[in-house]
Amino acid sequence: MIHFEKELSRKELYRGHIVDFCLHQVELEDGKTACREIVHHHGGVSVAALDPQGRLLLVRQFRFAAGKELLELPAGKLERGEDPMAAAARELEEETGYQAQSLELLTEMIPTPGYCTEVIRIYLAKGLRPGRQHLDPEEFLSVEAMDFAKAKELALAGGFPDGKTQLGILLLAARLEREKASERDER
């Protein structure tokens with residue numbers, strides 16, 4: 001490792017249900033010290049899922065922090081110590097009513113590495129079958145199934161302000177294109 005910072009102390013200022021907020025004193029690589037304000041987050045999951053008709057499952061909900069309604073991939077936070085793949089299966093069913101025969105990790109992303117420890121794991125859901133939607137008590141959203149080609153074009157045009165949704169759609173698009181190319185090569 002070329003660059004580093006060494007933690008000297010940590011002071012917890014707030015402990016919440018979703019995040020903790022701490023001040024960290026760190027030693028820089030030149031020996032000087034600095035203060036880092038860090039939001040500690042348990043992490044989250046997001047799911048790129050195509051329904052049996054090949055449409056991308058999205059959820060529309062109001063995001064208070066963003067101050068507007070967003071269209072996103074199904075997603076949610078991890079509970080302390082929760083297995084991310086189990087959380088992805090849970091969130092997919094809770095929000096969309098679909099169950100996945102299998103889940104595959106597409107990538108992990110760090111949405112805001114400058115001040116937050118959150119890692120979001122983005123999964124590909126395969127073999128969807130209808131289940132039952134069961135939202136959390138304070139969760140209000142609607143499910144929308146969008147033609148995948150349209151979703152890809154919207155992602156490329158900046159139509160999804162949410163980073164995990166952009167990345168999930170573009171990774172799924174790249175994967176589908178590779179699979180098509182591989183099928184063509186096999187013929």
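Contact here means heavy atoms within 4.5 Å. With that in hand, meet a predicted model, in which local features need pLDDT of at least 70 and side-chain atom pairs count only at pLDDT 80 or more, while totals for chains, interfaces and linings use all residues. Residues are numbered from 1 along each chain as its sequence is written, and side-chain values use heavy atoms, with hydrogens and water left out. The chain has 3 helices and 10 strands, where helices (H or I, at least four residues) and strands (E, at least two) are DSSP runs numbered from the N terminus.

**The whole chain**

- Reading from the N terminus, the elements go β-β-β-β-β-β-β-α-β-β-β-α-α.
- The C-alpha trace spans about 60 × 45 × 30 Å along its principal axes.
- The chain has 187 residues, and 36% of them count as buried; buried means under 20% relative accessible area, exposed means over 50%, and partly exposed is in between (1.4 Å probe, protein chains only).
- Take the contacts with a separation of 6 or more: 56% of them come from residues 24 or more positions apart.

**Helix 1**

- Helix 1 covers residues 84-96, and its 13 residues should span 18 Å at 1.5 Å a residue, which agrees with the 18 Å between its end C-alpha atoms; the expected span is 1.5 Å times one less than the number of residues.
- Its buried residues are Pro84, Ala87, Ala88, Glu91, Leu92, Glu93, Glu94, Glu95 and Thr96.
- Those buried residues pack against several strands, including strand 4 (44-49), strand 5 (55-63) and strand 8 (98-109).
- Leaving aside neighbours within four places in sequence, Glu91 is in contact with Val45, Ala75, Gly76, Lys77 and Thr96.

**Helix 3**

- Helix 3 has 24 residues and reaches 35 Å from its first C-alpha to its last, close to the 34 Å expected at 1.5 Å a residue.
- Its buried residues are Lys164, Thr165, Gly168, Ile169, Leu172, Ala173 and Arg175.
- Asp185 also sits in helix 3, but Asp185 is exposed, with a relative accessible area of 65%.
- Between Asp185 and Gln101 there are 28 Å in space, C-alpha to C-alpha, and they are 84 residues apart in sequence.

**Nonpolar cores**

- A nonpolar core is a set of buried Ala, Val, Leu, Ile, Met, Phe, Trp, Tyr and Cys residues joined through side-chain atoms within 4.5 Å.
- In the largest one, which has 14 residues, Leu56, Leu58, Met146, Phe148, Phe160, Ile169 and Leu172 touch the most other members.
- Strand 5, helix 2 (148-156) and helix 3 (163-186) each give this core at least two residues.
- Apart from it lies another core, of 13 residues, with Val45, Leu57, Leu92 and Leu103 among them.
- Phe160 is in contact with Leu58, Leu71, Met146, Ala151, Leu154, Ala155, Thr165, Gln166 and Ile169, leaving aside its neighbours within four places in sequence.

**The largest pocket**

- On a 1 Å grid over the protein atoms alone, a pocket is an open set of points where a 1.4 Å probe fits, with protein on both sides within 12 Å along at least five of seven lines; lining residues have an atom within 4 Å of a point.
- The largest pocket holds about 1,400 Å³ of space, its volume being the space filled by probe spheres set on the points, which are joined across faces, edges and corners.
- Its lining has 35 residues, and Ile18, His41, Arg63, Glu118 and Lys164 lie nearest its centre.
- That lining divides into 15 nonpolar, 7 polar and 13 charged residues; Ala, Val, Leu, Ile, Met, Phe, Trp, Tyr, Cys and Pro count as nonpolar, Asp, Glu, Lys and Arg as charged, and the others, Gly among them, as polar.

- Phe140 is in the loop between strand 9 and strand 10, and Phe140 is exposed, with a relative accessible area of 67%.
- Not counting residues up to four places away in sequence, Phe140 touches Arg60 and Gln61.
- Glu104 lies in strand 8 and is partly exposed, at 28% relative accessible area.
- The C-alpha atoms of Glu104 and Met85 are separated by 8.3 Å, with the two residues 19 apart along the chain.
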